[in-house]
Amino acid sequence: AQAEASVSMATTTRVAADQLRYPPGSAQLTYLDIQSVSAQVPPVMDPIPARITFDEDHTVRVFSPLAGRTAQIVAQPGHAVQAGEVLAWIEAPDYDTAVADLRKAQADREVKQSALVRAQRLYDAGAIALRDLEAARLDARTSDAEITRSTARLHGLGSSGRDGRFALRASISGVVAERHLNPGQEVRPDAPDPLFIITDPSHLDVVADVPESDVANLHVGQSVRIQADGSELTDVIGTITMVGVAMDPNTRRIPVRARLAAPPASARPEMFVRMSPLSANAQPVVSIPNSAIVTSGLKSFVFVEREPGLLVKTPVSFVHRGREVSYLRDGVVAQGRVVTRGAILLDAELASGD
């Protein structure tokens, strides 16, 4: 027992009333987390639960413009596609009908144009009346109108086909985020769900439902910080693009949408995040997790590593105290190293030496 006590005495030295020193390799250091802190613009309110979603300006939901049956699926979820690339082949009788209508209109125009040429010659020779020539001209104009209608119909389908199959194509370049289509599946234009969702992953939004009492702190154009645990989303900046004008009758909250400036590769639609609205005029200050803070009466302290093994209990004051992170007015400089786990144990060890 005496040997164990001497080892404990040797591994910790109380340098002063607010300082502890640990020799290199001390066992006590394994119970501590010491991290560098950075300066950030403080938020105007506590983080709001939010989720990442598609940027609707860079997302397309693809429906089939024709009824038919799926013959072949080309694009798969996660595949990058270019605008105009085939997503699937659909057996669509209506497409064959549209092609046949155009070919029929083209053939009819040839006949009507030939008839108009003959009528013009006969009229010039005085063999027919003017009304017969006008009738030929009307038939020719009607055939041209039918060509225009049939061509517009095919153009409206936005695709081309082959062997009786209709090509469902991507209208934008991006990544296939979702596919709701199976081989042999019947499709129709009025289906409730899209067959494919294509989006540009470099453009993402964040949406949140905000209590009415907090909406006054938000406005379009305001910067927000997006964070999520266990991902690269630690300090991603976005900009509010929409603050709802009506309250959701079910949640009694107001929807808010922000656009991410440069989403990292780890950002995924439907990922849960925290959105912190920032003040436009505030200067960056040091932020620390609340686990680093020790409270004694009305004062708050953190343990700062001044040099390897030397931990100093340092008083701090706050610009903003959040539920998980607080922002300091003074006491710690940016890039300083602070004990973020084990501060309470260090404080108890200092107190035990009094």
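Residues 24 or more positions apart account for 71% of the contacts in the protein with a separation of 6 or more, a contact being a pair with heavy atoms within 4.5 Å. The structure is a predicted model, in which local features need pLDDT of at least 70 and side-chain atom pairs count only at pLDDT 80 or more, while totals for chains, interfaces and linings use all residues. Residues are numbered from 1 along each chain as its sequence is written, and side-chain values use heavy atoms, with hydrogens and water left out.

The protein has a mean pLDDT of 85, with 93% of its residues at 70 or more. Residues 1-10 are another story: pLDDT stays under 50 there, and the model has 1 contact beyond four places in sequence for this stretch. Where pLDDT is low, the predicted coordinates should not be read in detail.

Now for the overall shape. The C-alpha trace spans about 130 × 45 × 35 Å along its principal axes. The radius of gyration of the protein is 36 Å, whereas a compact globule of 354 residues would have one near 20 Å. This radius is taken over C-alpha atoms, and the globule rule is 2.2 Å times the number of residues to the power 0.38. Of the 354 residues, 38% are buried. Here buried means under 20% relative accessible area, exposed means over 50%, and partly exposed covers what lies in between (1.4 Å probe, protein chains only).

The protein has 4 helices and 25 strands. Strands count as paired if DSSP finds at least two bridges between them. Strand E1 (residues 13-16) and strand E2 (residues 19-21) give a handy example, as they pair in the antiparallel sense over 3 bridges. The two form a hairpin with 2 residues between them, and Thr13 has Arg21 in E2 as its bridge partner.

Further along, 4 strands make an open sheet in the order E6-E14-E12-E8, with antiparallel pairing. Its edge strands, each pairing on one side only, are E6 (59-62) and E8 (80-81). Strand E8 pairs with strand E12 (residues 174-179) in the antiparallel sense over 2 bridges, and Val81 has Gly174 in E12 as its bridge partner. In a regular strand the side chains alternate between the two faces of the sheet.

His58 sits in the loop between strand E5 (48-54) and E6. At 28% relative accessibility, His58 is partly exposed. Which residues does His58 contact, leaving aside its neighbours within four places in sequence? They are Ile172, Ile198, Thr199, Asp200 and His203. Thr199 is 141 residues away from His58 along the chain, yet their C-alpha atoms are separated by 5.8 Å.

Helix H3 (residues 130-157) holds Ser143, and this serine is buried, with a relative accessible area of 1%. Neighbours within four places aside, Ser143 is in contact with Asp108, Arg109 and Lys112. Leu130 is in helix H3 too, but is partly exposed at 45% relative accessible area.

What about the rings? The structure holds 0 aromatic pairs, a pair being two rings of Phe, Tyr or Trp (its six-membered ring) with centres within 6.5 Å. Charges do sit over rings, though: the charged end of Lys313 lies over the ring of Phe301, 4.6 Å from its centre, and the charged end of Arg321 lies over the ring of Phe318, 4.4 Å from its centre. Such a case needs NZ of Lys or CZ of Arg within 6 Å of the ring centre and within 35 degrees of the ring normal.

Lastly, some backbone angles deserve a look. Most residues other than glycine have a negative phi. Arg252, although not a glycine, has a positive phi of about 60 degrees. This arginine lies in the loop between strand E17 (236-243) and strand E18 (253-260), and is exposed, with a relative accessible area of 52%. Gln335 also has a positive phi, near 70 degrees. Its place is the loop between strand E24 (325-330) and strand E25 (337-341), where Gln335 counts as exposed at 57% relative accessibility.

How values were computed:
Rings of Phe, Tyr and Trp (its six-membered ring) pair if their centres lie within 6.5 Å; planes under 30 degrees apart count as stacked, over 60 as edge-to-face and the rest as tilted. pLDDT is the predictor's confidence in each residue, from 0 to 100.
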